[in-house]
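Student: I am new to this model and would like a close look at one part of it. Please start with a single residue and then place it in its surroundings.
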Amino acid sequence: MSTTTTSAGPTTRRDQPTSHSDETPAQQPPLHSAHKPVEELTTATVRFCGDSGDGMQLAGTQLSNTSALAGNDIATFPDFPAEIRAPRGTKAGVSGFQIQFASGEIYTPGDRVDALVAMNPAALATNLSDLIKGGVLIVNRDEFDEKGLKQAGYETNPLTDGSLKGYRLFQVDMTKLTRLAVQSQGLGTKESDRCRNFFAMGLVFWLYSRSLEPTLRYIDEKFGKRPAIAEANRLALKTGYNFGETTEALPTQYIVPAAKLTPGTYTNIMGNTALAWGLMTAARLSGRDLFLGSYPITPASDILHELSRHKEFGVRTFQAEDEIAAVTSAIGASFGGAMGITTSSGPGIALKQEAIGLAVMTELPMLIINVQRGGPSTGLPTKTEQADLLQAVCGRNGECPLPVVAARSPADCFDVAQEAWRISTKFMVPVMLLTDGYIANGSEPWLIPDFSKLPKIEVKHPGPMTNGEPFMPYARDENLSRPWALPGTPGLMHRLGGLEKQDITGNVSYDPINHEHMVRLRQQKVDNVAKHIPPQEVAGPPKGKLLVLSWGGTYGACLTAVRRCQAKGLSVAHAHLRYLNPFPANLGDILRSYDKVVVPELNLGQLNLLIRGKFLINTIGYNKIQGRPFSVAELTARFEELAS
Amino acid sequence: MSTALPVLQAADFASDQEVRWCPGCGDYSILAQMKKMLPSLGIPREQTVFISGIGCSSRFPYYMNTYGLHSIHGRAPAVATGLKVARPDLSVWVITGDGDGLSIGGNHLMHCIRRNLDINIVLFNNQIYGLTKGQYSPTSPLGKVTKSTPMGAIDNPLHPLSIAIGCEATFVARSIDVNIKHLGMVLKRAAEHRGASFVEVYQNCNIFNDGAFNYATDKETKADTVVELEHGKPLIFGKNRDKGIRLHGMNPEIVELGKGISEDDLLFHDEKAPEPSLAYLLSRMRHPEFPEPIGVFRAVDRPRYDDEMGRQIATAIEKKGAGDFNELYNSADTWMVN
């Protein structure tokens, strides 16, 4: 179901009670309290946290969509454990979802939160340190019993021992109130308790003057076939909302007005979805059939799921028996003329590397997508990291270069997917596309493009040869690309393979001079990409004290921190790299225009190493390897220090 | 077809590359039979693709004047899967060996067979690693002394056909490199089968494992050591065709014809048996206890992955209409900013 809201201002702002649904007009509260003061904010950061079975991701997603529909700029950060259901009530099982919504442009889900909803003691214990002093703290008091406190490691009850004095604590008997609210639907205790997240949502929606309409619609779509469950969720949601309105405990309501974004139609999109749509779009723009070979892995699986849903676009998805079959099947598909793609995360990419070498050697276009996660080995499957850059650039046997590009935000995945395929087909080379768990699962408003206005991706195939001349599969065009000759074309029969090939003829060759020629040629092909990509842009002064050089998912945090420094009058500029191999042609000049260059990365300094190696510049690393994104505050502090 | 296709000869399928197998290698014979058989299929050369992994057998595509991809070790079935899914119009062959297909690539072989893609897999079984110069393979017999097993192999060998049958193969066959007529027949049957065809070819490595299949190729012995399977016919073998295979409970036994035992008492081959039990039992008959069966063990029909994929796409288009991108982009909740 698609619904478009026109938002000239904050659409949720109503002075009169609004009828949202014909069936239940009486139950619909006005968005603004009749008797409580409403405070206007420019931004708010909220986190829901609870057990991994408590539905916190859903609560966060609903608040995100509702805020986006209300015209806010938003950024989200889901944070969940690798275990599907860790033991209930334990710290290991805590799942969280953070969202920032604002009346101006924002680029991160916020550092610390203004409001924290903790569904149990374990969630409180693991999340409290991120709540600002004086922040709103909503807890489900019913879960703070002896057992719950013990599981969270509390020796005394924080709700009563005075340790939460610095916060605006609201203790809500969420379990009891939810059970009462849904009583009429005759559900069991377990099912009733599953509605608690809707109660929590209702309460937060009231707190931030959000409309219930999008979530009520969601409930209809999701639970329509189970009327009792649907009604229970509706009741829980509304009860939570009404509780906020009536309880004396919450004295103030907030509103964050709509942001002034570029005019157009928006939708809230997650990184993995944007990437899937970008890939499908690239396939159509280049007249290819999309083939995805993939093996399920966190946090990349959602790309496989999304693509599998769209067979009406001719999308062919193959859930392979392993990572190696995933990549080699994509090579087979590319050989046949399809848009061969494989998606994975770090451990899977490591398994694919030999095959990626085959794609480099056979000079076939294909995309390898790495949604990075914490490593090494199995590492931190659900946490984010940028530690696969060297694996992408250097991780294969032999001299085996390939272009590497990285997306910077959820919506950017859509554009980067097309750009990667444009490079791959133009230069007949596999391209590695890096995202990470943070942007894959995060979401932001996306200005929806008009498909008919997107630039085509030109792909050429040689036609049949009937003159009996031998076909030269490794002949070169002006980009040093060889022809993409498709099986089925008469007269172009040829054999590809992983053995070294003689240039032009493509025959197996062990000739030493030819080998060096081919090694250099494959490198040159990749180097030539630099001539095709746009020059690197810099935000801020073209010369100065400090350049912040970042890549991938740290874009938003770096940009925000740089802007804060600039607002303080510091000489700080920001260059964010989309192209990591090769680098843009003007990058060296840019780097040499600043006294200092700092390279913030969620690894031990991988881009830093490449930059130092390439440009012989004494760049400064700033590194964090905690499975979490940078906070704007820590970046700002470091940049200020370096620029002062 | 209104226009007649040019009639091709075996030579039309030969590439301009010099064949570089060791002189006397069994691979030559398989290459020759393949080139001889292909014209009989009426499929143009450009519609035919050979995919291989790594090993002596995997050089095969270079010698064929078709499309080809000499991929990496063990992965040919996966490469072929991607190609066939993307291009169901092509005739796709996988050439592999006992090491490539059953050791490093065992996983891919297994899944490729169970998916029943319409491709043909030919496994050259020489019971040795040839290209790496003589280590034992997953099909080498127990006790086999090789460079890596100076005191004899201590791991139990695999039977390729038992593996294929266990993977729910719809077409399983065996032939022998030097039995050229039979080999040509088996390759043709494999090509004509709709679904994943698995063919094991006994192939002599005259450098590192010479004579491994002498029992099955030697003029003096082969009549007693090989039994040729024919659909609907009893299993009879021997120089004088006086011996047969009879079922004793769940086990095969060798019997002599005459002396109260007639052909009707013998095991009759049924390649179309819905259950794979008979094919499996035949795949377990090994020299020297039994004559080893050659021919088509199993040929049954089951839906093919590539067909089913096409069907799902057609159904999706029929139900939802051909995908419209603007509709897709606007499929979730949207809002306008003026």
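Tutor: The model is predicted, and local features need pLDDT of at least 70, side-chain atom pairs count only at pLDDT 80 or more, while totals for chains, interfaces and linings use all residues. Residues are numbered from 1 along each chain as its sequence is written, and chains are lettered from A and ligands numbered from 1 in the order in which they are written.

Contact here means that the C-beta atoms of two residues, placed from the backbone, lie within 7 Å.

Phe639(A) also belongs to the largest nonpolar core, which has 257 residues; Phe639(A) and Ile51(B) touch the most other members. Helix H6 of chain A (residues 196–207) supplies the largest share of this core, nine residues. Another core lies apart from it and has six residues, including Cys25(B), Tyr136(B), Cys205(B) and Phe208(B). A nonpolar core is a set of buried Ala, Val, Leu, Ile, Met, Phe, Trp, Tyr and Cys residues joined through C-beta atoms within 7 Å. Buried means that 20 or more other C-beta atoms lie within 10 Å of the residue's own; 12 or fewer is exposed, anything in between is partly exposed, and C-beta atoms are placed from the backbone. In soluble globular proteins, nonpolar side chains tend to be buried together.

By the domain division of chain A, domain 1 is 31–255, domain 2 is 267–453 and domain 3 is 544–643. These bounds come from an automatic or database domain assignment. The centres of domain 1 and domain 2 of chain A, taken over C-alpha atoms, are separated by 34 Å. Where these two domains of chain A meet, 13 residues of domain 1 are in contact with nine residues of domain 2. Helix H1 (56–69) and strand E4 (73–79) of chain A each supply at least two residues of the domain 1 side, and E4(A) gives the most, with six residues. Helices (H or I, at least four residues) and strands (E, at least two) are DSSP runs, numbered from the N terminus.

Next come the two chains together. Their contact takes 66 residues from chain A and 52 residues from chain B. On the side of chain B that touches chain A, H2(B) gives the most, with eight residues. By class, that side has 25 nonpolar, 20 polar and seven charged residues. Ala, Val, Leu, Ile, Met, Phe, Trp, Tyr, Cys and Pro count as nonpolar, Asp, Glu, Lys and Arg as charged, and the others, Gly among them, as polar.

A sheet also joins the chains. Strand E18 of chain A (residues 495–497) pairs with E2(B) in the parallel sense over three bridges; two strands pair if DSSP finds at least two bridges between them. In E2(B), Gly68(B) stands opposite Arg495(A), and Leu69(B) is the bridge partner of Leu496(A). The open sheet has nine strands with mixed pairing, in the order E18(A)-E2(B)-E1(B)-E3(B)-E4(B)-E6(B)-E5(B)-E11(B)-E7(B). E18 of chain A and strand E7 (226–228) of chain B stand at the edges, each with a single partner strand, so one side of each is left without a neighbour in the sheet.
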